[in-house]
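My entries follow in the order I made them.

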Amino acid sequence: MIIWDEKFSVGVEKIDDQHQTFFELINKLESLTHETNFEERLPILLNEIVEYAALHFKTEEKMMEAVQYPDLEQHKIFHQRIKDDIYMECKRIVEREVHAMDIIWLYNYMLDWIKTHIIEEDLKYKPYFQK
Ligand SMILES: [Fe+2]
């Protein structure tokens, strides 16, 4: 389970809230592996994750634009790349017979990108919201 804490705070309530929702969605992936009918529920959850990622990135980009964050274009490229990657991986997994191990793999994959992205990229815009 990933638990949100202050080290992930970008100093903007709306974005912190969305990151927390994202953590919850990723945790749901992990808990799904303990369910017997995970094959049926997985596509719904993955769809939710993909859609939430799109919504969240859009919100973040709009807010960065509002404070004229100078590296917005680069940040948008990272978002696009993450969106494409998650979509591809989710698609790849639902298109074949799903095993709990695949879900665990996807869970770790998503954990890894969200933590890295928040710590290494999102925190860079934090000072621009504190002016
Ligand atoms: Fe971001």
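What percentage of contacts in the protein chain between residues at least 6 apart in sequence join residues at least 24 apart? I found 73%. Two residues are taken as in contact if their C-beta atoms, placed from the backbone, lie within 7 Å.

**Ground rules.** This is a predicted model, in which local features need pLDDT of at least 70, side-chain atom pairs count only at pLDDT 80 or more, and totals for chains, interfaces and linings use all residues. Residues are numbered from 1 along each chain as its sequence is written.

**Overall.** I noted four helices and zero strands in the protein chain. Read from the N terminus, the order of elements is α-α-α-α. The radius of gyration of the protein chain is 15 Å, close to the 14 Å of the globule rule for 131 residues, so the chain is as compact as a globular protein of that length. That radius is taken over C-alpha atoms, and the rule is 2.2 Å times the number of residues to the power 0.38. Helices (H or I, at least four residues) and strands (E, at least two) are DSSP runs, numbered from the N terminus. The C-alpha trace spans about 50 × 25 × 20 Å along its principal axes. I also looked up burial: 18% of the 131 residues count as buried. A residue is buried if 20 or more other C-beta atoms lie within 10 Å of its own, exposed if 12 or fewer, and partly exposed in between, with C-beta atoms placed from the backbone.

**α1 and α2.** Two packed helices are described by the angle between their axes and the distance between the axes. I took α1 (residues 13–32) and α2 (residues 38–66), whose axes come within 10 Å and cross at roughly 165°. That makes α1 roughly antiparallel to α2. Axes are lines fitted to C-alpha atoms, for helices over the stretch in contact, and angles run from 0 to 180 degrees between N-to-C directions. Angles over 145 degrees count as roughly antiparallel, under 35 as roughly parallel, 65 to 115 as roughly perpendicular and the rest as oblique. The crossing of α1 with α2 is left-handed, meaning that the near helix is turned anticlockwise from the far one by less than a right angle. On the α1 side I listed contact residues including Ile15, Phe22, Leu25 and Leu29; on the α2 side they include Leu42, Leu45, Ile49 and Tyr52. The contact of α1 with α2 has eleven nonpolar, four polar and five charged residues. Ala, Val, Leu, Ile, Met, Phe, Trp, Tyr, Cys and Pro count as nonpolar, Asp, Glu, Lys and Arg as charged, and the others, Gly among them, as polar.

**α1 and α4.** I then turned to α4 (residues 100–125), whose axis comes within 8 Å of that of α1, with a crossing at roughly 160°. The pair α1 and α4 is therefore roughly antiparallel. α1 passes α4 in a left-handed crossing. Among the residues that meet here are His19, Phe22, Ile26 and Glu30 in α1, and Leu106, Tyr107, Met110 and Ile114 in α4. By class, this contact of α1 with α4 has eleven nonpolar, one polar and one charged residues.

**α2 and α3.** What is the angle at which α2 and α3 pack? I read about 175°, with the axes 10 Å apart. That makes α2 roughly antiparallel to α3. Residues in the contact include Leu46, Val50, Ala53 and Phe57 in α2, and His79, Ile82, Ile86 and Cys90 in α3. The contact of α2 with α3 divides into 15 nonpolar, two polar and four charged residues.

**Single residues.** Most residues other than glycine have a negative phi. I flagged Gln68, which has a positive phi of about 50° although it is not a glycine. Gln68 sits in the loop between α2 and α3 (72–94), and it is exposed, with 8 other C-beta atoms within 10 Å.

Ile93 lies in α3 and counts as partly exposed, with 18 C-beta neighbours inside 10 Å. Leaving aside neighbours within four places in sequence, I found Ile93 in contact with Val98, Asp102 and Leu106.

Lys124 is in α4 and is partly exposed, with 16 other C-beta atoms within 10 Å. I looked up Lys124 against Tyr69: they are 55 residues apart along the chain, with C-alpha atoms separated by 9.4 Å.
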